[in-house]
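Here are my notes for you on this model, written to be read with the structure open beside you.

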Amino acid sequence: MTSISEDSDKEKVRSVSVDLNNDASLVIDIPDALCEREVKFTVHTKTTLSSFQNPDFSVPRQHEDFIWLHDTIVETEEYAGLIIPPAPPKPDFEGPREKMHKLGEGESSMTKEEYAKMKQELEAEYLAVFKKTVQVHEVFLQRLSSHPMFRKDRNFQIFLEYDQDLTVRRKNAKEMFGGFFKNMVKTADEVLISGVKEVDEFFEQEKNFLLDYSSKIKDATAKAEKMTRSHKNVADDYNHISGALNNTAADNNTAFKKHLEKCAEVFEKLRKVEDRVASDQELKLTELLRYYTRDIQAAKDLLYRRARALADYENSNKALDKARLKGKDIAQAEENQKQCLQKFDKLSESGKKELTSFKARRVVAFRKNLIEMTELEIKHAKNSVSLLQGSIEILNSN
Amino acid sequence: MSEERGSSAQTEEDEDLFVSAMESPEAARLSAEDLSPSSNGPRDDDPDDLFAEATEEVSLDSPERQPILSDGPSPAITPVSISPRVDVFDRSPDLDEEEEENRDTFDIQISVSDPEKVGDGMNAFMVYKVTTKTSLSIFSRDEVCVKRRFSDFLGLHSKLASKYMHMGFIVPPAPEKSIVGMTKVKVGKEDLSSVEFVEKRRSALERYLLRTVKHPALLKDPDVLQFLESSELPRAVSTQALSGAGILRMVNKAADAVNKMTIKMNESDAWFEEKQQQFENLDVQLRKLHVSVESLVCHRKELSVNTALFAKSAAMLGNSEDHTALSRALSQLAEVEEKIEQLHQEQANADFYLISELLGDYVRLITAVRGVFDQRMKTWGKWQDAQLMLQRKREAEAKLQYASKPEKLQQARDEIREWEGKVQHGERDFEQISRNIRREVGQFEKERVKDFRVVIMKYLESLVHSQQQLIKYWEAFLPEAKAIA
């Protein structure tokens, strides 16, 4: 079930990647999450597959569990030719937490109304961060469940089903895989850019495209973030203006008092709209860009792995030649070379498929989100116009 | 540089004034439409003023209780009202009402425009064209154009304040000096911030003149008439801080501060006590509101800048995108965002020129109002002092009665009469200023309410316009987004 036309007010948030739950045999969602010291996500699975013990069940998981799952999949040799869904970023409640702190400090210097208002804002901001982080963790799992290979992964099953704490498993995994992943990332760019001779036109194009696109989308994400923050600042200002107008109204003579109070109301409503504009823009545009920045990186990682495999193959060729010259260990070298070639071919084949479907997925996601964002912008602007015109009428008639 | 007036002024004006296209009537009032800064270069005051600005920083926070009082000669075109004490303001209530009506229907439009830089470097200054269009008979023509510089405006205010403030009249304060703004302009930077500074100042000068002429007494004042009509004005030198007048001003300020502490006025009139409290509160509230609005202006400008940056980034992303339809859509998104950036910029201007500047003006006006209340207190103090003095003189006379010094006795009696006169005078002045203030405050409150209502309406309409544009832009983009295939 794609969740295209659901209202963002409802619990279920839309995903930046689409068509992820269209296979009824394995449906995953995160219906609930608790925020104590750590965020605890409730991962809910509905399945018709016999590999699972129950058809419908839920488990609590922490953010680190998701990271563990991601890392084990990355380390799995078998998946080297696949784009690994990017790990969800850590939940960041720094903003709301800071605000809560400020609220606590400033409590004595604020009026009751100001305090109540700030508290309301704080709760809204908290909710927004919450929605975002749930969405991004959900999408991660849904990418895995909708992929023919990942859905069968043993660790994925454990993640979904194991009703105990995963902490022990996590610790073990860290010890095993600690350094390898990091090393790979470090040398990745060099491997790719050093231009191991690319035979395949498709991959040559993909490489150039991904390198360029990745820096552009990173920049676009940063600029979108700044834009959203400015919207939020404007909304904040409307809030303060509304409060100041109310204070001024309290002291004024009656006729003008009503006028000022009405204005304060207008600004309060404008603030709400502006807040929604900011948060919708964030969800549809900024989150979209953020997500695909990470996804592009995952695609690049695939290219790195393939390039590595190509390098290995070329090295094995050289080794074989050397062995032949020396007349020693030829059979071994031949076997090695054959394996390298096999690995490389497998990576190339699945890589091509993955990259092609990646492009399709990206286009669909952008389309969906751009349409939704535009429709929301229109809706909010129309709301603003009607509220402003209504207020103008009332103020005129006074 | 001669101070010629009358017919000779006429010819001078014909020679050097622009008879070019006049602004539309709307421009005379606080026009929101006039959003784009009117062009060129840096503006200046003269170098002496720069020194003045260096020592006397004028800001909203330093309540200008003691306005710059001019002690230069006040050249009057018509010699009638040189001593305004008796003539102009001692009128019957009936005439006052007539004045009030005239306020509402007065027919005069003033615009300040075409800032022009004169001179170079640190000696340069800015000159503005002041155009007055009116059918009132006190003006010699129904359309006049003169060139004035910033210190001329300050000089005018200074004269008006010295003539009328002690009568309890609320004299609109002149726009503020600004060291930073002016220096940038003098140095010749034609960048955006100096252009904005020039426009901000031009607009402030216009509002200042409009407020000044709204006051029926000030409108008829010969200094005002001369300012608006005369082609040449003597340079206002006493607006500088380091001049003799400037030093005197500072001494007076200190003296006043001491006086305020020692004058304990017995307020018999509850109205005054109430009003004073009211204005104190209003002062605090308006300042707070002003701060919030300034923040809004700043953030909206930031939003505009960030939207522009995003637009560029989106365009580059579109270029990089290898799927043709998506690439096109991204480029179009970039175009939409560019248009939106422009919208934000315009809205920020409306935020500023409509609301923020108005609030700033009112904060300064309220300071002037509170100054007028202080003047009343001073007047009361003078009256009390005169009463004390009279009492002393009487006591002295009583003593001399038994001293058989007939000359001294006569002198004492003369002095008594003198001080009796002063006491009468003092009482009359006090009653006069109290009456004036009541009237002035009443008018001020009416104006204030009207001003705010008008501005709020204009502002809301500007917001409506912005939002409607947004709808247009996004509705145009929607099919493009849907066309991604």
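1. First, the conventions. This is a predicted model, in which local features need pLDDT of at least 70 and side-chain atom pairs count only at pLDDT 80 or more, while totals for chains, interfaces and linings use all residues. Residues are numbered from 1 along each chain as its sequence is written, chains are lettered from A and ligands numbered from 1 in the order in which they are written, and side-chain values use heavy atoms, with hydrogens and water left out.

2. How many salt bridges does the structure hold over all chains? The count is 49, where a salt bridge is a side-chain nitrogen of Lys or Arg within 4 Å of a carboxyl oxygen of Asp or Glu. As background, side chains of opposite charge can pair when their charged atoms come close.

3. Do have a look at Glu225(A) and Arg290(A), a salt bridge whose closest N and O atoms are 2.7 Å apart. Glu225(A) sits in helix H6 (residues 201–251) of chain A and Arg290(A) in helix H7 (residues 254–326) of chain A, so the pair ties together parts that are 65 residues apart in sequence. Helices here are DSSP runs (H or I, at least four residues), as are strands (E, at least two), numbered from the N terminus. Glu225(A) is partly exposed at 26% relative accessible area, whereas Arg290(A), at 18%, counts as buried. The cut-offs are under 20% for buried and over 50% for exposed, with partly exposed in between (1.4 Å probe, protein chains only).

4. H6(A) itself is worth a moment. Its 51 residues should span 75 Å at 1.5 Å a residue, and the end C-alpha atoms are 76 Å apart, which agrees; the expected span is 1.5 Å times one less than the number of residues.

5. Next, a pair within one helix. Lys368(A) and Glu372(A) form a salt bridge with closest N and O atoms 3.6 Å apart. They are four residues apart in helix H8 (residues 330–397) of chain A, about one helical turn, and both are buried.

6. Arg364(B) is buried at 17% relative accessibility, as is Asp361(B) at 8%. The two belong to a network of salt bridges that also links Glu176(B), Arg207(B), Arg211(B), Glu357(B) and Asp451(B).

7. Which residues meet across the interface? The contact (heavy atoms within 4.5 Å) takes 51 residues from chain B and 56 residues from chain A. The rule finds four salt bridges across the interface of chain B and chain A. The side chains of Lys359(A) and Asp322(B) meet in a salt bridge at 2.6 Å, N to O. On the side of chain B that touches chain A, helix H11 (270–320), H12 and helix H13 (406–482) are the elements giving two or more residues.

8. Finally, chain B as a whole. It has 13 helices and three strands, and 52% of its 485 residues count as buried.
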